[in-house]
Amino acid sequence: MRILLVGAGGVGGALTAIAARRDFFELLVVADHDPVRAERAAATDPRYVAAQVDASSAEAVTALCREHGITHVMNAVDPVFNMSIFEGAFAAGADYLDMAMSLSQPHPEAPYERCGVKLGDEQFAVVDRWEQAGRLALVGIGVEPGLSDVFARYAADHLFAEIDELATRDGANLVVTDDDGNEVFAPSFSMWTTIEECLNPPVVWEKERGWFTTAPFSEPEVFDFPEGIGPVECVNVEHEEVLLMPRWVDCRRATFKYGLGEEMITILEVLHTLGLDRTDKVRVKGVEVSPRDVVAAVLPDPATIGPRMTGKTCAGLWVTGTGKDADGNPTGPRSTYLYHVVDNEWSMQEYGHQCVVWQTAVNPVIALELLATGVWKGAGVLGPEAFDAVPFLDLLTAYGAPWGQREQ
């Protein structure tokens, strides 16, 4: 396997640290628009080569693939670049993986009721082309989407006879401090992506209704997260799981709620009110800039805050329905939370990367290993739910980050 990694930021850097301990690939080209960042990430392993790339150019991605004989393109940049990388990989004859799907566009007339262009629609529109070429695009294989989608497959295959709801619930108790020990605002993940998914209309899926939308931050609920994180208020957020799970897993309802916290919600609402969430460029003193790019640029780089961060992050799937025994016989009502918790102290000590980016990065590395060994295989545009979950979860434990299960 010869991999092109597009993006050497927080997640890309963590991905190189994780992959360096595995032997399933021959070459990994670390490409970024910033050659210094690419070189820094590539310096961790002799199988790594640094390169510069314009992720907005499908032609540039294709050329880099051909130069290095790439078999698999791993997309680790903001999803605004998804389609150019997706198309560049296809043109080069390479398989493709990403951690977030092509972007959505709200419905022009009823944004909080009806879907417009949904997450992933652009990619799923060309399923036939990928199938006919015998190429695989494995979409949404980060932590969320990604691991929760694997959990959905596992729950359907091994735990439930019938599923009422697949409810992704993510939360954390992370705190970032300054040099004086004072708590500061510093997002643990890409602020560009956070703005995109949190201010867009959240999507819900119901079997009788299909996909529909609600208002941002709607339907708050308090969810009690495991391993000491405790109760966190979670709200509806637009996310790929809701667009992926119903395609492969039979359920009556699919939702995604995230524990953003009051401070983050307030900041996002203010950014929206001021128009600072906009992606179209405005002219400022003769220079054209995107307001959202400016916001992301002035905040701390998520890759750098690990040493000043404490706490744990949890990603998981709460499944309700009718359970089943080992023989597949229904056993009555069941409510189970499948989860994965990473402690920032552990990820910093073990890998030198903060827990949120590490937890995101470990899942695509596992997927690449399963593809390299032939345990996972397929063609077309597929989500993680399309594959056997057990080998994935076994490898997650083997990588030193075991998952958990709690009956609710």
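**Exercise 1.** In which loop is Phe217 found?

Step 1: Before starting, note that this is a predicted model, where local features need pLDDT of at least 70 and side-chain atom pairs count only at pLDDT 80 or more, while totals for chains, interfaces and linings use all residues. Residues are numbered from 1 along each chain as its sequence is written, and side-chain values use heavy atoms, with hydrogens and water left out.

Step 2: Strands (E, at least two residues) and helices (H or I, at least four) are DSSP runs, numbered from the N terminus. Phe217 sits in the loop between β10 (210-213) and β11.

Step 3: Check the backbone. Phe217 is not a glycine, yet its phi is positive, near 65 degrees.

Step 4: Check the surface, using these cut-offs: buried is under 20% relative accessible area, exposed is over 50%, and partly exposed is in between (1.4 Å probe, protein chains only). Phe217 has 14% relative accessibility, so it counts as buried.

**Exercise 2.** Find the loop that holds Glu227, and decide whether this residue is buried or partly exposed.

Step 1: Go to the loop between β11 and β12 (230-236); that's where Glu227 is.

Step 2: Glu227 counts as partly exposed because its relative accessibility is 42%.

Step 3: Glu227 also has a positive phi, about 55 degrees, without being a glycine. Why is that worth a look? Because most residues other than glycine have a negative phi, and most peptide bonds are trans.

Step 4: Now look at a peptide bond that is cis: the one from Glu144 to Pro145, with omega near 0 degrees. Pro145 lies in the loop between β6 and α7 (147-159).

**Exercise 3.** Work out the strand order of the open seven-stranded sheet.

Step 1: Two strands pair if DSSP finds at least two bridges between them. Strands of a sheet pair through backbone hydrogen bonds, either parallel or antiparallel.

Step 2: Here the pairing is parallel, and the order reads β3-β2-β1-β4-β5-β6-β19.

Step 3: Look at the ends. β3 and β19 (380-382) are the edge strands; each has a single partner, so one side of each has no neighbour in the sheet.

Step 4: Zoom in on one end. Five bridges join the parallel strands β2 (residues 27-32) and β3 (residues 48-52), and Leu28 has Tyr48 in β3 as its bridge partner.

Step 5: At the other end, β6 (residues 136-138) and β19 pair in parallel over three bridges. Leu136 is opposite Gly380 in β19.

Step 6: Trace β2, helix α2 (residues 35-42) and β3 and you get a right-handed β-α-β unit. Right-handed means that, with the strands pointing away from the viewer, the path from the first strand over the helix to the second runs clockwise.

**Exercise 4.** How many disulfides are there?

Step 1: The rule asks for a pair of cysteine sulfur atoms within 2.5 Å. The count by this rule is zero.

Step 2: Cys198 is buried, at a relative accessible area of 0%.

Step 3: The closest cysteine sulfur, in Cys115, is 15 Å from its own, so a bond is out of reach. Cys251 is buried too, at 1% relative accessibility.

**Exercise 5.** Count the aromatic pairs and describe the one between Phe223 and Trp318.

Step 1: Rings of Phe, Tyr and Trp (its six-membered ring) pair if their centres lie within 6.5 Å; planes under 30 degrees apart are stacked, over 60 edge-to-face, and the rest tilted.

Step 2: The structure has 19 such pairs. Phe223 and Trp318 make a tilted one, with 5.4 Å centre to centre and 50 degrees between the planes.

Step 3: This pair links distant parts of the chain, 95 residues apart: Phe223 is in β11 (residues 221-225) and Trp318 in β17 (residues 312-324).

Step 4: Phe223 is buried at 3% relative accessibility, whereas Trp318 is partly exposed at 24%.
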